[in-house]
Amino acid sequence: MTGSGRGEVSRALDRLGLPDTPVSRALLVLIDDTVSRLDRKGRILGVWVGDRDYVADLDDATIDEFEAATDRYVTDFVGADTRRSILDAIEQCLETGSLTTVEFTTRATGRTLYLRGSCTPCGNDQVMWTSRDRTADHEARRVAERRAELESMLSDGLQALIDAGAAIVDDDDLVTGVFGRVAEFFGADAAFLRRFRGAGHIEIVGQWRGAGVDYSPPGTSRAGSTYFPWAARQLARDPILIVPSLGGLGPEASTDIASLDQGLEGGLVWVRVGSGRRPSGLFGLLFDRQRIVDDRDGFEPLIGFASTTLGLIARAEEELRRTMQRHVLESIVHGDPLPDVLERVCRLREAGSPSHSCVAWLVDDHGRLHPIGGADDRFAGFDPCPDGSPELVAFDRGERCWIDATEQDPGPVARHLGAGAIDLIPLATGSGHSKVGLLAVYDTSRLPLDPTEVGADPHGELAASLASLAVERLTDLAELAHRATHDSLTGLANRETFVSELDRAIAESGPVDRLVAVLYCDIDRFKELNDHLGHGYGDDLLVDVADVLTTNTPDPCVVARLGGDEFAVLLEALSDENDAMIVAERIRTAVRTSPASAGRRATVSIGVAVSGSPTDHAEGLMRDADVAMYQAKSTGRDRVELFAERLRREARARDQMGRELVDALDHGDVDVHFQPMVDLVAGRLMGFEALARWKHPERGFVSPGEFIPVAEAGGMIERLGDVVLERALAVAAHWDGLDLHVNLSAVQIDRPGVVERLLERIIASGIPVERLAMEVTESVLLPGSLSTLENLRVLTDAGVGLVLDDFGTGYASLTYLRSYPFQGIKVDRSFVDGMEHNADDSSIVSMVLALASSLGLEVIAEGVETLGQERMLRDKGCRYVQGYRYSVPVPRDEVGGLIDRFGSGVSSVF
């Protein structure tokens with residue numbers, strides 16, 4: 001009654017029998033609905049109908065009846081199921097003195113109304129009763145709840161399809177279950193999802209029908225240029241098409257009705273999949289005898305559901321196709337039999353095309369085609385490809401072609417298979433120059449063939465390419481097998497083949513007088529040769545060594561390249577180990593005189609291991625030969641070494657030392673000691689050489705001659721060098737005017753980035769660069785790696801000194817000395833030690849001093865221990881010396897005291 005005049009309120013008060021008070025007036029002003037005054041039992045004491053709009057669904061007679069309802073009971077106007085709740089609400093209102101509400105229903109004009117009643121105390125044990133129509137709100141809530149239920153169900157269904165992945169292609173129960181729940185929700189009798197393949201093809205990708213329903217949507221079919229003409233026009237404008245009754249569509253929809261080809265008595269709902277005028281499919285709900293509720297909003301969630309479902313199925317089909325393609329490629333790579341591979345190729349082509357049957361044909365030496373893949377028993381007793389058949393004609397032409405059975409004879413094969421169309425794709429190898437067969441796709445749907453559609457078929461082209469690849473693999477099988485078992489550069493057997501042959505030879509060796517031997521050959525200094533002379537020379541040397549091995553070994557034998565510069569020879573039926581040693585020496589000598597070795601002194605180190613134990617096996621014998629080869633290298637290279645048990649023990653000891661050295665580096669057990677270098681002319685201390693020292697917890701100090709080769713062989717030399725350099729720089733930072741010499745191994749200097757890291761550490765230490773010198777051995781020089789030379793020049797260009805250590809012990813020092821930027825050389829201790837008693841050693845020292853003087857190099861003599869040695873060196877003009885005569889290497893905490901002792905002159909130390 002909001003907005004009503006004062007007179008209207010007065011009339012309402014009069015009709016209700018309420019006193020004219022401000023409270024009563026305020027209450028009525030806020031009420032637009034029917035108002036009545038009730039006693040405790042619900043008897044109507046007065047009625048006022050304020051605004052009839054809220055009861056628009058009631059006829060005037062009903063409203064008049066309610067206005068004249070004084071002395072009747074309010075419960076007379078509601079159903080029996082809600083009377084008690086109204087009386088309870090009145091009772092509660094009177095007892096609590098506050099507003100009480102109750103929801104109830106009533107029937108009017110043939111439908112149920114949903115109302116909300118309110119009780120307000122108005123004195124004298126009476127209440128004011130109002131009722132408001134909530135039917136529209138109830139319907140809106142029910143629709144929202146139903147939509148939420150539908151969306152939840154569709155979401156669960158889609159999640160099940162997503163979780164299934166590629167399995168949904170073959171899991172009909174899963175798709176059927178999802179469609180069934182959707183159809184049952186709407187009360188439909190059948191549901192289906194159709195996909196449009198193009199050129200009028202329609203394909204059922206999922207369907208469901210209820211119990212007792214005969215309707216079954218057709219499968220793959222062709223319906224002209226559009227799927228359903230009348231429906232096409234409707235769906236082009238609107239994604240949802242609701243047809244309450246097919247019989248009422250009229251003659252313009254006759255083609256659509258005929259295409260269903262079913263006695264459908266009800267109607268249908270079609271939901272477009274895709275957008276625009278060229279949808280990708282449709283989702284259909286069919287109602288056989290039930291009435292369709294024309295609720296467009298209720299069907300809208302199906303738009304996204306249908307599109308997503310079709311997308312998931314398409315993605316699953318593509319995933320399945322990719323999986324099948326991967327299996328085909330794996331079969332080709334693994335060398336599976338050709339019929340098996342072609343069978344997989346045909347199944348790949350048929351995937352997603354139920355009406356297609358794929359067969360691979362191969363040509364024999366007489367030019368006749370034979371079915372291979374996909375043929376199974378359909379060609380049993382059948383001469384499939386006579387002269388003049390379309391398959392043979394297409395093969396002879398080497399061109400893809402398609403045949404439509406409605407326009408020409410498809411040939412005996414198509415007739416035999418019941419196909420109405422054929423797509424023929426030639427197979428060729430060697431970039432298309434060699435015709436080998438044909439891939440034929442037979443369409444058994446008996447539908448006219450669309451050349452545009454077939455010609456654009458990417459799956460047919462892919463299948464044909466895979467089939468050609470499979471055939472080419474077969475024709476090149478011998479070459480592939482050879483590549484799999486042999487080295488591509490030398491043509492020798494590879495490691496896998498050698499191990500297999502060695503296992504066989506050991507198993508067949510039998511008596512002791514039929515021994516088996518392994519010769520493990522490694523080219524000496526191959527990396528340096530390869531880096532210095534180029535990879536072309538390295539490859540030539542590998543091929544030349546392979547030729548030497550094959551031409552200097554007896555039958556039966558197997559020669560293999562194990563990798564890099566390592567070779568192995570398997571000798572069989574030997575009477576004793578001397579037979580193996582004779583062959584090994586013959587190989588070693590032949591390599592030295594081979595063409596690739598001429599002028600470069602290429603040599604090999606060979607380890608020999610001979611069987612003789614019942615427990616011998618391939619890997620063990622090869623390991624023993626490798627250990628013997630390592631011994632040959634460590635004792636001077638260009639040698640043959642026969643394996644002995646002591647070598648295995650030594651190898652194990654080296655491995656153990658390697659592990660312990662790693663632990664020592666991790667725990668800081670490797671430290672630096674310093675040995676002084678003395679200037680004899682000035683009689684003062686020149687500087688110190690930093691030397692790595694490892695104190696083992698059990699064996700005490702380990703000789704550097706033992707652990708440094710282990711560090712180099714085990715890849716730890718760079719880390720060891722870093723430890724020595726960092727600790728030496730930290731100590732030398734406190735010196736004033738003294739030089740620091742640090743050793744740099746041949747392995748270190750060739751590592752990428754080593755020079756940059758060295759310079760960074762030197763600069764960070766604060767030591768003047770010119771006070772630091774790096775000492776390298778002659779192994780760095782041979783045969784003159786370009787990267788090594790460049791790294792050393794970068795160091796010297798930065799101001800770091802370079803000293804050649806152990807000079808005179810190698811054979812190429814004089815040849816390459818001028819190529820490197822050395823500032824000094826160290827005479828090896830072996831010559832200094834024998835100088836007093838051996839004229840040759842004395843002469844060598846004199847020659848080295850003379851050579852150094854002519855080249856402008858300083859000389860430091862190592863290993864000076866006696867006064868006589870010092871005097872001879874002084875007399876020969878050697879200025880700088882180092883050795884136990886002046887001090888043993890001392891720990892860093894004793895260096896300060898040693899510097900103090902030298903402060904008053906060298907003689908004070910003697």
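**View 1. Helix H17 (residues 495-509) packs against helix H21 (residues 618-634) at an angle of about 110 degrees, with 9 Å between their axes.** Axes are lines fitted to C-alpha atoms, for helices over the stretch in contact, and angles run from 0 to 180 degrees between N-to-C directions. Helices (H or I, at least four residues) and strands (E, at least two) are DSSP runs numbered from the N terminus. H17 and H21 are therefore roughly perpendicular to each other (65 to 115 degrees). The model is predicted: local features need pLDDT of at least 70, side-chain atom pairs count only at pLDDT 80 or more, and totals for chains, interfaces and linings use all residues. Residues are numbered from 1 along each chain as its sequence is written, and side-chain values use heavy atoms, with hydrogens and water left out.

**View 2. Residues of H17 and H21 in contact (heavy atoms within 4.5 Å).** Arg 495, Phe 498, Val 499, Leu 502, Asp 503 and Ile 506 of H17 meet Ala 618, Glu 619, Leu 621 and Met 622 of H21.

**View 3. An open sheet of five strands has mixed pairing and the order E18-E19-E17-E20-E21.** Strands pair if DSSP finds at least two bridges between them. Strands E18 (557-563) and E21 (640-642) form the edges, each pairing on one side only. E18 and strand E19 (residues 566-574) are paired in the antiparallel sense over six bridges; Val 558 has Leu 570 in E19 as its bridge partner.

**View 4. Helix H19 (residues 535-551) packs on the sheet and touches strand E17 (515-523), E18 and E19.** The direction of H19 makes about 5 degrees with that of E19.

Key: Parallel < 35°, antiparallel > 145°, perpendicular 65-115°, else oblique.
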